[in-house]
Amino acid sequence: MKQHYQNRIELLQGTLDLLILQTLQWGAQHGYGISQAIRSRSGDALQVDTGSLYPALHRLEHQKWIKADWKTSGNNQRVRVYQLTAAGKKQLLSERSRWQQISEAIAGILSPAKENET
Amino acid sequence: MSFFWRRKQQELNEEIDAHLRMAAGDRLARGENPGRAAQLARRELGNATLIHETTRDQWGWRWLETFLQDARYALRMLRKSPGFTTVAVLTLALGIGANTGIFSIVEAVLLRPLPFHDPDRVVRILEAVKDLPYTSISGEDYFDWESQNRTLQGSSIATFTQNYNASGAGAPEAVAVVRTEANFFSVLGADPLLGRAFASGEDQVGKDHVAVLSYGFWRRHFAGSADALGKTVELNYQPYTVVGVMPRWFNYPESIDVWIPLDHTVQGTSARGNYSYMAIGRLKQGITIQQAQSDLSAIAAHQSQLYPDTNKDRNVSVIPLKTRITQGSRPQLLMLLGAVALVLLLACANVANLLLARAARREREMVLRATLGASRMRILRQLLTESVLLSLAGAGLGLVGASWCISFAQSTTWLPIPHTNPISLNMTVLAFTVGISVVVGVLFGLAPALEASRVNLAEALKESTRSVASSAGWRGKLRDVLVISEIAVSLGLLIGAGLLLRTFARMRSADIGVRPNNVLTIAIALPDTKYKTLPDRRAFYDRLLTRVQALPGIEDAALAQTLPLEEDHSWGGYPEGAPDWRASLVQLRVNFVTPDYFRVMGIPFRGGRNFSSQEIDRALDSVQQYAEFTKKHPSFQFGEHREFFCSAVLSYAAAQALWHNQDPIGKVFVSGNIPVQVVGVVGDVKEEDIRTGATPSAYFPMTQELDNSFYAERIVVKTKMVPDSAVSAIRASVQQLDNSLSLFSVRTMQQVVAENMEDTSLQTTLLSIFAALGLILAAVGTYGVMSYLVTQRTHEIGIRVALGAQPRHVLSLVMGHGVRLAGIGVTIGAALALSLTSLISSFLFGVAPTDPATFVAVTAFLLLVALLACYIPTRRAMRVDPMVALRYE
């Protein structure tokens, strides 16, 4: 169990929203589906805590970046399916570019660039 | 809302259930054992309740949800302790109700704009003389301002209230009438309910027989029918066509029945030097009061140069109408609002005390909540919800009481406050009530809540039975502070009330210079349309007096133009031969009386004699004769031809002001260019106000002012029995002479005096009620704290008694604490009162704001009450049976 935890990467503050929006970019999905998608796409490295996932989903919904509908699944069960709104798409773009900047900045710090010497 | 809410929560449940099912399903698909799959999935999910809560937080109405939850819980808690809830709610209802009542008056009188269009632009225009900034105006002065100003959009001159006889169908009725320039209603900014206001030009002779009725008069005389328009009302035997009816709320000037046009010329009003009118104006858009003031002042300065005899040292005052209307009541209303706020403060302190005691009992509950993970903020919020609910319940109950008081205030006009705006329980008042109850709820709830939420878990859990010592000490100190401040505030209120009560007593017993016992006063107005000549009028009055004097039970009867303590007019007078007449000018209150007036009123002669019948006859046309005589003899000097002089009886103060210590009998003073010879001197009368000094007065024979037809004449009679019983006989006598005349303003002289004390009486009554409430609250508060203290220390006292402590030791132990608190409270309160009573000094009469007798008596009284409140629980402590006390816990 302990081992399992060590393998997990703690999500950076604020990155969960980006991951959810990005996941929904590929198509509408329910909460469990979103957590599974993030997990498999990250090669099991990122595990979304359910305790963070649902508050995040409802927060994004409250901000009108995603919207939710009840759909009936294959075995006749109701699931709440989320999809991106137009505002959410715009938000995704801006969050992506922000993430880009952050990761470049961090990469710059971690690999001492040659420019530093000039 | 609540349904929507529940559905949303169910959906969240369903969403998380679906999550669990899918997770378990995946685990099954991976080949896990079905029982374990569901269990693992649940474990992976974590704390479902926490997920629920944090998710719900995202919806954005979590606070409301928490609030409702807290409110539900609080209601349950309050229901479970009905005793506490009842006492707290009643205490708060008293405080909040009293505040709502007083605020509703403040709102109507001081806060609400006047009910006119653009009310901020409406002003009163008055004349200013030396140290009197607001006096009545003369017509001729007004016409200059009206035609020359550049800052007023319009202005309107009007008479003061006049008394007319409404004749015609039914019994004759005295009607309050104001005559106005035609534009009066448009300057004021008020539209009639029915018909129209006066059209321009209707204030000219010949077109002026039109009338605008008040709502009340219209209801009384035309049963509220629209047919009233075009009908006729008969006033002083003259027909007036009704052109309009004002709405019910319209009440300016106050209590007027009918408005009729005023002849808008100098002939119709008055010449310079005769000041018996009022004026209103409407500022042009964007013009300030100051601009209008300097504009009109410039005109007044010019008038002073052109007409030095009448207008020297005269200026004009422009003042917002609302300021003028509320001037008299503002200080007393603010004083009462302050006093009633103190009562609320006391109520708060008491409820805070109750809450503190309750906090001790609920310690275990708080510990439990904290153990289960409630943060301090969360506990605080819940306790504050409880206290705000309490105060809202108090406000609800208080509103019931206040609305009863307000509807009573609405139904009377005796409240000595302006009634231009009706008092009502409107949205502003409701908002105020809800506002103060929330503030008050937090105010009295915060300290106990902070205290209760200071849970030290480790300590609390260790101490299983006894309350946490440190916390109890802190709480005890808070309680002591509450008792001290209650005693201090209550002392302040009591001293204020004490000073006013003494003022009231002083005014009651003040010698106003007349003996009001068994004196009845009745007003009567002879219309000049029927009694045209002076001999006609004189004959009527002579016959009337003869008849009244002959009535059984009547000792004496007389006529007078004005009564003591009523609206009056005054003339300037200076001693004959004074080198600088302006420097020796004395303002004399004038009254026109029949000789018996002095005997009826009990005003003693201090020198000289009463009017002779020759003087009375001569007064009928003396002014005219004198004017003709001086025209014929331009070189005439004062001191010659005394047979033409008017005669007067002066009050002692007037004689002193004119001639200091010389004998005034036979001396001559000049008033309005007419020489007047002094025939007698009488005792001083306080003509203006009981609280001011004696008024210099001059009495003239009534025959001199018989042409006055708009202001009533007063019949004053001294009766041998209860004065009221003479009224019907006098009415019969009047109507035998002329059955169209009506009697009005029928009052005993004692009522006239009482009316002068209305302000003081209202202040004293209300402040005494507030002070009594404050005293009860402070006594209950002190008693509560002391009993609590005794209950807390029963164990300790039991041990002390068991170890041999004598009752007096116990007494000094418990009482000592109470006495210390009361002593500190009284000291602070007295210091507070010393600095505060100067605020009410303007309401006082015959007693200094620092009156030592009041301070000592009230302080001693309060100390006594406080000691009694301490003594009752102490006695219980002294009876403690050590065996019982030791078994107590």
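Which elements of chain A cover the buried residues of H2(A)? In this predicted model, the cover includes strand S1 (29-30), H3, H4, strand S2 (66-72), S3 and helix H5 (86-110) of chain A.

**Helix H2 of chain A**

- The buried residues of H2(A) are A:Leu16, A:Asp17, A:Leu19, A:Ile20, A:Leu21, A:Thr23 and A:Leu24.
- H2 (residues 15-25) packs against H3 (residues 31-41) in chain A at an angle of about 100°. The two axes lie 10 Å apart.
- Angles of 65 to 115 degrees count as roughly perpendicular, and H2(A) and H3(A) are therefore roughly perpendicular to each other.
- On the H2(A) side, the meeting residues are A:Leu19, A:Ile20 and A:Thr23. On the H3(A) side, they are A:Ile34, A:Ala37 and A:Ile38.
- By class, this contact has five nonpolar residues, one polar residue and no charged residues.
- A:Leu19, A:Ile20 and A:Thr23 are also among the buried residues of H2(A).
- Just after H2(A) comes A:Gly27, with a positive phi of about 145°.

**Fold of chain A**

- Chain A holds five helices and three strands.
- Read from the N terminus, its elements run α-α-β-α-α-β-β-α.
- Chain A has 118 residues, and 25% of them count as buried.
- Take the contacts in chain A with a separation of 6 or more: residues 24 or more positions apart account for 50% of them.

**Sheet of chain A**

- The three strands form an open sheet in the order S1-S3-S2, with antiparallel pairing.
- S1 and S2 of chain A are the edge strands. Each has a single partner strand, so one side of each is left without a neighbour in the sheet.
- S2(A) and S3(A) pair in the antiparallel sense over seven bridges.
- A:Asp69 has A:Val81 in S3(A) as its bridge partner.

**Contact between chains A and B**

- Chain A gives 13 residues to the contact, and chain B gives 18 residues.
- On the chain A side, H3, helix H4 (50-62) and strand S3 (78-84) each supply at least two residues.
- H4(A) supplies the largest share of that side, with seven residues.
- By class, the side of chain A that touches chain B has four nonpolar, six polar and three charged residues.
- H3, H4 and S3 of chain A also figure in the cover over the buried residues of H2(A).

**Domains of chain B**

- Chain B is divided into domain 1 (2-60), domain 2 (131-312), domain 3 (330-508 + 758-886) and domain 4 (526-740).
- The centres of domain 2 and domain 4 of chain B, taken over C-alpha atoms, are 29 Å apart.
- Their contact takes nine residues from domain 2 of chain B and eight residues from domain 4 of chain B.
- Strand S4 (residues 162-167) of chain B gives the largest share of the domain 2 side, four residues.
- That domain 2 side divides into two nonpolar, seven polar and no charged residues.

**Strand S1 of chain B**

- S1 (residues 122-129) of chain B runs antiparallel to S11 (residues 277-283) of chain B, joined by four bridges. Here B:Val122 has B:Arg282 in S11(B) as its bridge partner.
- Seven bridges link S1(B) to S12 (residues 314-320) of chain B, again antiparallel. B:Ala128 stands opposite B:Asn315 in S12(B).
- Two bridges link S1(B) to S2 (residues 132-135) of chain B, and these strands run antiparallel. B:Val129 stands opposite B:Leu132 in S2(B).
- The hairpin of S1(B) and S2(B) has two residues between the strands. In this hairpin, B:Lys130 takes a positive phi near 40°.

**B:Pro247**

- B:Pro247 sits in the loop between strand S9 (238-245) and strand S10 (258-261) of chain B.
- Buried or exposed? B:Pro247 is partly exposed, with 14 other C-beta atoms within 10 Å. A buried residue would need 20 or more, and an exposed one 12 or fewer.
- Leaving out residues up to four places away in sequence, B:Pro247 touches B:Leu193 and B:Tyr215.
- B:Pro247 and B:Leu737 are 490 residues apart along the chain, and 38 Å separate their C-alpha atoms.

Notes:
Residues are numbered from 1 along each chain as its sequence is written. Chains are lettered from A and ligands numbered from 1 in the order in which they are written. This is a predicted model: local features need pLDDT of at least 70, side-chain atom pairs count only at pLDDT 80 or more; totals for chains, interfaces and linings use all residues. Axes are lines fitted to C-alpha atoms, for helices over the stretch in contact, and angles run from 0 to 180 degrees between N-to-C directions. Angles under 35 degrees count as roughly parallel, over 145 as roughly antiparallel, 65 to 115 as roughly perpendicular and the rest as oblique. Two residues are in contact if their C-beta atoms, placed from the backbone, lie within 7 Å. Ala, Val, Leu, Ile, Met, Phe, Trp, Tyr, Cys and Pro count as nonpolar, Asp, Glu, Lys and Arg as charged, and the others, Gly among them, as polar. Domain bounds come from an automatic or database domain assignment. Two strands pair if DSSP finds at least two bridges between them.
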